[in-house]
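Let's explore a protein together, one question at a time. Take a look at what is shown here first.

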Amino acid sequence: REERVGIEGEAAHDRGEVPLTVTFGRPLHVSEMEQSAARVPPSVRVVGRLEEYSARQNKGLLTDGQHCVAVDFSFVPPRRVSTDSVVMVIGEIQPIGDGGTLVIARQCIPMDGADLSLYARAVDVLRDHLSAVT
């Protein structure tokens, strides 16, 4: 189940505008991002340490210590991205190469100081809860 927030109103409808829908992404572990892009939901939320970052290419590598995923930060302000920081990336999945996955980040939230093992457990609990209510 994907979390969504709809912003709708008669005024927007009267002007011929399409209501805005914002997705927050399905919470995943970095290790799950190594699956084929066909099995990963289109919008994801993942936390890890930014191991590598190239400001020139706006690309980086997010890791949990054992697994990693490539991230494109083209749509994120540069001040939000720095090597060796812990960040939450919310974005869309794009398949690359031989079954690889690239996350196109639309948000990069600093989370330095966060307990990553506790956060990983929280992701599991959240998913169990969402499965039970849907």
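Helices (H or I, at least four residues) and strands (E, at least two) are DSSP runs, numbered from the N terminus. This is a predicted model, where local features need pLDDT of at least 70 and side-chain atom pairs count only at pLDDT 80 or more, while totals for chains, interfaces and linings use all residues. Residues are numbered from 1 along each chain as its sequence is written, and side-chain values use heavy atoms, leaving out hydrogens and water.

Q: How many helices and strands does the protein have?
A: Reading along the sequence gives the pattern β-α-β-β-β-β-β-β-β-α. The protein's count is 2 helices and 8 strands.

Q: Which side chain of opposite charge is nearest to Asp 72?
A: Asp 72 sits in strand β6 (residues 68-72). Asp 72 is buried but has no salt bridge, meaning a side-chain nitrogen of Lys or Arg within 4 Å of a carboxyl oxygen of Asp or Glu. Lys and Arg count as positive, Asp and Glu as negative, and His and the chain ends are not counted. At 4.5 Å away, the nearest side chain of opposite charge is Lys 59.

Technical notes:
Buried < 20%, exposed > 50% of the residue type's maximum accessible area, 1.4 Å probe, protein only.
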